[in-house]
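Please look over the sequence and the 3D structure below before reading on. The report then goes through the fold part by part.

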Amino acid sequence: MEKRTIDPWTWGKNTNSAQAVEVKQVEGTLYCSGQVALDSNGVPSSADMRSQLIQTIANLEQLINEADYDCENIVRLNIYTTSTQDFFTTCMDVYVPFLQKYGIKQSTTLLEVKGLFATLTVELEATVVK
């Protein structure tokens, strides 16, 4: 697999993402449903957004690994949150190290939504290649 990121504007290099990701010679593509802070019994978390993001990332990592893919090959990562303000003020110290841990440089969309399932406040939707 060949992966190339495209950031035509200087400001794009200062984000935690890429403006575009091109992938060639792919062996497989994994489209992950949105992952949230559910425990192993499917019970949604009622914790704060930061705590939910920690569980959400753990769930996403488990899903990707069990599918025999690697997190470093995430090429698209969409974020849905009930508050972009809360995400930026309370979650970046969790989100950025997750990206750095795997060297992820992904295309991304951050959306503030009216609500998520039950008491959930953040959801991650990923596309992974190999």
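Predicted model: local features only at pLDDT ≥ 70, side-chain atom pairs only at ≥ 80, totals over all residues.

Residues are numbered from 1 along each chain as its sequence is written, and side-chain values use heavy atoms, with hydrogens and water left out.

**The sheet and its helices**

Helices (H or I, at least four residues) and strands (E, at least two) are DSSP runs, numbered from the N terminus. Four strands form an open sheet in the order β3-β6-β4-β5, with mixed pairing; two strands pair if DSSP finds at least two bridges between them. Strands β3 and β5 are the edges, each pairing on one side only. From one strand to the next, the twist averages 10°. Strands β3 and β6 run antiparallel and are joined by three bridges. L30 has V128 in β6 as its bridge partner.

Helix α1 packs on the sheet and touches β3, β4 and β6; contact means heavy atoms within 4.5 Å. The direction of α1 makes about 25° with that of β6. Helix α3 lies across β4 and β5 and runs at about 170° to β4. For these angles, axes are lines fitted to C-alpha atoms, for helices over the stretch in contact, and the angles run from 0 to 180 degrees between N-to-C directions.

**The nonpolar cores**

A nonpolar core is a set of buried Ala, Val, Leu, Ile, Met, Phe, Trp, Tyr and Cys residues joined through side-chain atoms within 4.5 Å. Buried means under 20% relative accessible area, exposed over 50%, and partly exposed in between (1.4 Å probe, protein chains only). The largest nonpolar core has 25 residues, of which L53, L60, I64, I74, L77, F87 and Y95 touch the most other members. Two or more residues come from each of α1 (49-66), β4 (74-81), α3 (92-102) and β6 (122-129). Helix α3 gives the most, with six residues. Apart from this core lies another, of five residues, including V36, A37, Y80 and L120.

What does I64 touch, not counting residues up to four places away in sequence? The contacts of I64 are L30, C32, Y69, D70, C71, I74 and V128.

**The salt bridges**

Side chains of opposite charge can pair when their charged atoms come close. A salt bridge is a side-chain nitrogen of Lys or Arg within 4 Å of a carboxyl oxygen of Asp or Glu. The whole structure has five salt bridges, including those in the table.

| Pair | Closest N and O atoms |
|---|---|
| E22 and R4 | 2.9 Å |
| E22 and K24 | 4.0 Å |

K101 in helix α3 and E61 in helix α1 are 40 residues apart. K101 is exposed at 58% relative accessible area, whereas E61 is buried at 14%. Shared partners join R4, E22 and K24 into one network.

**Two positive phi values**

Most residues other than glycine have a negative phi. Q25, which is not a glycine, has a positive phi of about 55°. Q25 is in the loop between β2 (20-24) and β3 (29-31) and is exposed, at 58% relative accessibility. A118, not a glycine, has a positive phi of about 55°. A118 lies in the loop between β5 (107-112) and β6 and is exposed, with a relative accessible area of 51%.
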